[in-house]
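Please look over the structure shown below before reading on. The briefing after it starts with the whole chain and then turns to single residues.

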Amino acid sequence: MNEFLYHATWEGSLSSIKEYGLAGKDGGAIYLASTKEHAAQFLSYLPGVFRGMKDVTLNGNTFPVPQYEPQNIMVIEIPRADLNDKKLFESFDHDPEFFADGTEAFAYEKGVNIAGYKIYEMISA
């Protein structure tokens, strides 16, 4: 396995991650990838940070429409040696036909303190 694994996040989430650590949403797993590019690729298919719903009226009918804020994608480099092997599992929740060859995804079932880790800006919004 690689010396490092990578987690992508939106730029606006980075300050909270630096302060509180990396944790899965609602107690879920943290998703990691084997390369910076693959981590960014997973996040790049989302339109941005979800900011809530907005009612839109069309032809007299009102529909709730999700609102997103595009942001830069930041990738955190996590030393593999800092992770507990018993909490790290290969994740098969991505379609290998859709993602680049060699894409590997992992789920990590524990929080990660990212103090001192490298952070890369991968994509400008």
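**Briefing on the predicted model**

Among contacts in the protein between residues at least 6 apart in sequence, 73% join residues at least 24 apart. The model is predicted. Its secondary structure comes to 2 helices and 8 strands, and from the N terminus on the elements run β-α-β-α-β-β-β-β-β-β.

**Overall dimensions and surface**

- The C-alpha trace spans about 60 × 35 × 30 Å along its principal axes.
- The protein has 125 residues, and 37% of them are buried.

**Charges and rings**

- There are 10 positive and 18 negative side chains in the protein. The centres of these two sets lie 7 Å apart.
- The structure holds 1 aromatic pair.
- Which residue lies over the face of Tyr120? Lys36 does, at 4.8 Å from the ring centre.

**The loop between strand 7 and strand 8**

- Strand 7 covers residues 105-108 and strand 8 covers residues 119-123, and Lys110 has its place in the loop between them. Val112 is found in the loop between strand 7 and strand 8 too.
- Is Val112 buried or exposed? Val112 counts as buried because its relative accessibility is 8%, and the cut-off for buried is under 20%.
- Lys110 has a relative accessibility of 46%, so it counts as partly exposed.
- Not counting residues up to four places away in sequence, Val112 touches Gly21, Leu22, Ile30, Ile78, Leu83 and Tyr117.
- With its neighbours within four places in sequence left aside, Lys110 is in contact with Ile30 and Lys87.
- Lys110 and Leu83 are 27 residues apart in sequence, and their C-alpha atoms are 8.7 Å apart in space.
- Val112 and Gly28 are 84 residues apart in sequence, with 13 Å from C-alpha to C-alpha.

**The loop between helix 1 and strand 2**

- Helix 1 covers residues 14-20 and strand 2 covers residues 30-33, and Ala29 lies in the loop between them.
- Ala29 counts as partly exposed because its relative accessibility is 21%, while buried would require a value under 20%.
- Which residues is Ala29 in contact with, leaving aside its neighbours within four places in sequence? They are Gly24, Ala107, Tyr108 and Glu109.
- Ala29 and Pro79 are 50 residues apart in sequence, and 17 Å separates their C-alpha atoms.

- Strand 3 covers residues 49-58 and strand 4 covers residues 61-69, and Asn59 is found in the loop between them.
- Asn59 has a positive phi of about 55°, although it is not a glycine.
- Is Asn59 buried or exposed? Asn59 is exposed, because its relative accessible area is 74% and the cut-off for exposed is over 50%.
- Glu69 lies in strand 4. Its relative accessibility is 33%, so Glu69 counts as partly exposed.
- Glu69 is in contact with Gly48, Val49 and Arg51, leaving aside its neighbours within four places in sequence.
- Glu69 and Ala115 are 46 residues apart along the chain, and their C-alpha atoms are separated by 27 Å.

Methods. Residues numbered from 1 in each chain as written. Predicted model: local features only at pLDDT ≥ 70, side-chain atom pairs only at ≥ 80, totals over all residues. Heavy atoms only, no water. Helix = DSSP H or I, 4+ residues; strand = E, 2+ residues; numbered from the N terminus. Buried < 20%, exposed > 50% of the residue type's maximum accessible area, 1.4 Å probe, protein only. Contact = heavy atoms within 4.5 Å. Lys, Arg positive; Asp, Glu negative; His and termini not counted. Charge placed at Lys NZ, Arg CZ, Asp CG, Glu CD. Phe/Tyr/Trp six-rings, centres within 6.5 Å; stacked < 30°, edge-to-face > 60°. Lys NZ or Arg CZ within 6 Å of the ring centre and 35° of its normal.
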